[in-house]
Amino acid sequence: MIIQGQVRNPNTSVATDGVSYDALQGKQGELIVSDLHGKYFTQSYRGNLFVMNVTATAIPVTTTTAPTFALWNPQGNMKLANIVKLSLGYVVTTSTAGNILWSYQLGVGANVGTAAPITAYAAGTATNLNIGSGVVTTMKPGIATITLTAAGTVLRATGFSQLVTTPATAYLPWVTWNDEPDGTLIVPPGCIIYLTASVATASTYTCSMVWEEVPL
Amino acid sequence: MIIQGKVNAPTNVSGTDGVSYDVLQGKSQELIVSALHGKYFTQAYRGNVFIGTTAAAGVTPPIFSNANETFGIWNYAGSGVLAVPISCQIGYVSGTAAPGNFLYSYLTGMGSSLGTPITAFTAVNPVNAYLGAGNTAKVKFAPATITLSAAAAALTAIVKTMGVSQMTTTAASTTAPMWIAREDFDGMIVIPPNTLFMVASNVASATICDITLVWEEVPI
């Protein structure tokens, strides 16, 4: 059955609760809708949204084999990680001029091993964003120390840039660093994604990454 | 009954008011839609969106692990609702900043009455976003005074950074462009009953700020 609505102006009087009406259509036949909740509410409510944090870490250069903030989707996992949001907050130390990037590596398997692509991996903690939910992540959040056998590849910039800034003497407006890929950054099983910088940062940052877990 | 639309290019002729048409589908078979109102209009119209704001004089966000916090909502045990943050805005009032960043923190197991772990919570009624109408908030809001037991303060965890940072900035001597400190949560955090959610900092911020948190209340 093909659903139809009705092309018309939005009502000038309010509809009555409990009564059915023809759905509103726009002039090009599209269904006119209103959101009820935020974009990620259903996934969060269902326990599929997670956050990982590190309270203070520097970010290494793109050629690093020692990332400090990473998400590893282990090979064999039946979920994808869809990155929802990355937020960075300044903590301490004079910064170096450069920008923050996403890097990644495929084919990293599921386990740490001597001859494996990942030889050391300090596990971070993932918190379900339906706070208190019993659903646990199937991903491996990672914080320093992480050791890769080979450097990964730059995926894209976050758009977060900084100049040489000394906190005690820098007179600057507040800075907002939030990156929302909005569905454009999917981490499959066997892949690790992590933060790098065009130049190793001297500053440290509070880092938060939010992701949703979606069946393959 | 399976609902279907019809895959088509958007018509280059406007539909006629009062006539029904097959709903448009895209090449991936998705329904093509346009929003009528803002994202949260329906919830606001139904009286389920609330605005909590500090007094204009502002507060100084402390480090998140402090026992004396200045801004938060307490979804107390038995409230019957989930609190879902919509947005947080922080505006500068005065003071020379301590370099650092703003963040959100939380505690679970917060019960429904004062004592331990929450020893003081100076609640103020939030404003319903349907101004002058709507429902009364179920969630408790404090725009200045939240006191935690030492044990509870030590357990306070970071939800995430707001991504908003400040350097040492003295209002009287700093020439800088204007800025925005705002986060849209887009439904990604759900605060169940028995939980305290706060806006704080990774250091004692030293800056006096006006803080606003907007949230919706959703049945459990």
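Which strand of chain B does strand 3 of chain A pair with, and in what sense? Strand 3 of chain A pairs with strand 3 (residues 33–35) of chain B, in the parallel sense, over three bridges. Strands are DSSP runs (E, at least two residues), and helices are DSSP runs too (H or I, at least four), numbered from the N terminus. Two strands pair if DSSP finds at least two bridges between them. Within this pairing, A:Ile32 stands opposite B:Ser34.

This is a predicted model: local features need pLDDT of at least 70, side-chain atom pairs count only at pLDDT 80 or more, and totals for chains, interfaces and linings use all residues. Residues are numbered from 1 along each chain as its sequence is written, chains are lettered from A in the order in which they are written, and side-chain values use heavy atoms, without hydrogens and water.

The table covers the interface of chain A and chain B.

| Item | Value |
|---|---|
| Residues of chain A in contact with chain B (heavy atoms within 4.5 Å) | 61 residues |
| Residues of chain B in contact with chain A | 80 residues |
| Buried area (accessible area lost, 1.4 Å probe, summed over both) | about 6,000 Å² |

Of the buried area, 58% is on carbon and sulfur atoms. Four salt bridges cross the interface (Lys or Arg side-chain nitrogen within 4 Å of an Asp or Glu carboxyl oxygen). A:Lys39 forms a salt bridge with B:Asp186. Their closest N and O atoms are 3.8 Å apart.

Several elements of chain A each supply at least two residues to the side that touches chain B, including helix 1 (41–45) and strand 4 (49–57). Strand 6 of chain A gives the most, with seven residues.

Conventions:
Buried area is the accessible area (1.4 Å probe) that two parts lose on being put together, summed over both.
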